[in-house]
Amino acid sequence: MCQNHGVVYMGPGEVQVQEIDYPKLALGDRKCEHGVILKIVSTNICGSDQHMVRGRTTASAGLVLGHEITGQVIEVGRDVEFIKVGDIVSVPFNIACGRCRNCKEGKTGICLNVNPSRPGAAYGYVDMGGWVGGQAEYVMVPYADFNLLKFPDNEQALAYIRDLTMLSDIFPTGFHGAVSAGVGPGSIVYVAGAGPVGLACAASCHLLGAAVVIVGDLNEERLEQARSFGCETVNLNTDTPLADQIADLIGVPEVDCFVDCVGFEARAHANGGSSEEQPAVVLNQAMDITRAGGAIGIPGLYVTEDPGASDGAAKQGNLKIRFGLGWAKSHCFYTGQCPVMKYHRQLMNAILYDKIKIADAVNVQVITLSDAPQGYADFDKGAARKYVIDPHGMISA
């Protein structure tokens, strides 16, 4: 049997590449005839993975990480009809059965049949059903005909693989944040956070026709990356209020659309030095600078339990938000996981027809599987790039 290696969470601040079980077409002791086994072509480190690795979730040691997966099919179950051995496919990070009420309504991020604990499941993630992660050499994917996006041509797919690997999560998630915030032609948008999802969201705003895309962050290197593809930027490492910085750019202290690409590990203005963690600060900024009647998209992660929080309320996921302000301004709030399948085929076409260079926007850097622990460390320090793991040496040459 082939060996398999994966990136394993060992405890706060530590990941290791270890030998793990080779996947089987099985769900426990039951044969998984609707599944496939993939040889992984590319798999990405996600900012959401960092929440676990920092010890900010209830993840247990031994979890195989990774939910952003692109691979080539090497084995199919008996009931798989439309996916064939040899196909190169994108794997949505949401695992979905395709049969439940939510899946039939297109709400694949909250499938009712793939996680006994709550709606919604994902590969290699805490509280998301116990599915083995894909930062590995091989992985099993269930409900293959429903979940997988087959690329039209393998040679073309490999030529565009740095971009196409973004389809499993980061690109649809950023796009979803923009869509749920109401971004369209002529919109003025503020994107909170210039990490990979924030950068993907900003690029998506341009794709959707926004007139001005403003990106805010504490990290100047990340802001420089945002400027590289036409964004305006706000450096929060100053004592100038965000509304004033917005007004300096567009003449008024408010925007049409706000997208929170930060989540619960948010920090306040740094005032030129280190900033303290304030998990609700971005949500409160959103209500402050979004115009009356505007919308707020929240793809940034918020957790039900945060053992690393600084106060007891936040440990239970309770945040101090000025919700009355948002109510008074008739804001629309849109939260939750991106339903990747709602967008991934259209975004694939945008990539293959050269309408967007998403890998350039998020500054992709390809690394080997053995380099993954260092990639996690560099990402945690705020590196302005998206790490793509190439476990079989298929794309890094």
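# Report on a predicted structure

Asp244 is partly exposed, with a relative accessible area of 41%. This residue belongs to helix H9, which covers residues 242-250. Asp244 and Asn4 stand 240 residues apart in sequence, and their C-alpha atoms are 53 Å apart in space.

## Annotated domains

The UniProt record, in an unreviewed entry, lists residues 34-152 as "domain: Alcohol dehydrogenase-like N-terminal". Along this stretch the chain is 13% helix and 24% strand, and the C-alpha atoms at its ends lie 21 Å apart. The record, again as an unreviewed entry, also lists residues 196-264 as "domain: Alcohol dehydrogenase-like C-terminal". Here the chain is 42% helix and 23% strand, with end C-alpha atoms 16 Å apart.

## Helix H7

Helix H7 comprises 12 residues, 196-207. Does the distance between its ends, or only its residue count, tell us about its length? Both are used: at 1.5 Å a residue, the 12 residues of H7 should span 16 Å, and its end C-alpha atoms are 16 Å apart, which agrees.

H7 is mostly covered, since 9 of its 12 residues are buried. The buried residues are Pro196, Gly198, Leu199, Ala200, Cys201, Ala202, Ala203, Ser204 and Cys205. In an α-helix there are 3.6 residues a turn, so residues three or four places apart point the same way. After H7 comes Gly209, with a positive phi near 95°.

How many disulfides does a search of the whole structure find? The search finds 0. Cys97 is in no disulfide, and the nearest cysteine sulfur, that of Cys111, is 3.6 Å away. A disulfide requires two cysteine sulfur atoms within 2.5 Å. Cys97 is buried, at a relative accessible area of 1%.

Cys231 is buried, with a relative accessible area of 6%. Cys205 is one of the buried residues of H7.

## A pocket and a cavity

The second largest pocket holds about 450 Å³ of space. It is lined by 16 residues, and those closest to its centre are Tyr22, Pro23, Lys24, Val132 and Met140. Strand E3 (26-27) and strand E8 (138-141) each supply at least two residues of this lining. Which element gives the most to the lining? E8 does, with 3 residues. By class, the lining of this pocket divides into 11 nonpolar, 3 polar and 2 charged residues.

The structure also has 1 cavity of 30 Å³ or more. The largest cavity contains about 30 Å³ of space. Its lining is formed by Arg56, Phe264, Glu277, Pro279, Asp306, Ala309, Ser310 and Ala314. These lining residues comprise 4 nonpolar, 1 polar and 3 charged.

## Residues in loops

Most residues other than glycine have a negative phi. Two residues are described here with a positive value. Phi of Tyr143 is near 45°, although this residue is not a glycine. Tyr143 lies in the loop between E8 and helix H3 (144-147), and E8 is the strand that gives the most to the lining of the second largest pocket. Phi of Asp354 is near 60°, again a positive value in a residue other than glycine. Asp354 is found in the loop between helix H13 (344-352) and helix H14 (358-361).

Is Tyr143 buried or exposed? Tyr143 is buried, with a relative accessible area of 13%. Asp354, in contrast, counts as partly exposed at 42%.

A further loop residue is Gln278, which lies between strand E13 (255-260) and helix H10 (281-289). Gln278 and Glu265 are 13 residues apart in sequence, while their C-alpha atoms are 7.3 Å apart in space.

The table collects the accessibility of several residues discussed in this report.

| Residue | Relative accessible area | State |
|---|---|---|
| Cys97 | 1% | buried |
| Cys231 | 6% | buried |
| Tyr143 | 13% | buried |
| Gln278 | 29% | partly exposed |
| Asp244 | 41% | partly exposed |
| Asp354 | 42% | partly exposed |

The division in the table follows from a cut-off, because a residue is called buried when its relative accessible area is under 20%.

Definitions and conventions:
Residues are numbered from 1 along each chain as its sequence is written. This is a predicted model: local features need pLDDT of at least 70, side-chain atom pairs count only at pLDDT 80 or more; totals for chains, interfaces and linings use all residues. Side-chain values use heavy atoms; hydrogens and water are left out. On a 1 Å grid over the protein atoms alone, a cavity is a set of points where a 1.4 Å probe fits but cannot get out, and a pocket is an open set with protein on both sides within 12 Å along at least five of seven lines; lining residues have an atom within 4 Å of a point. Grid points are joined across faces, edges and corners, and a volume is the space filled by probe spheres set on the points. Helices (H or I, at least four residues) and strands (E, at least two) are DSSP runs, numbered from the N terminus. Ala, Val, Leu, Ile, Met, Phe, Trp, Tyr, Cys and Pro count as nonpolar, Asp, Glu, Lys and Arg as charged, and the others, Gly among them, as polar. The expected span of a helix is 1.5 Å times one less than its number of residues. Buried means under 20% relative accessible area, exposed over 50%, partly exposed in between (1.4 Å probe, protein chains only). UniProt positions are given in the numbering used here, feature names are shortened, and annotations may be inferred rather than shown by experiment.
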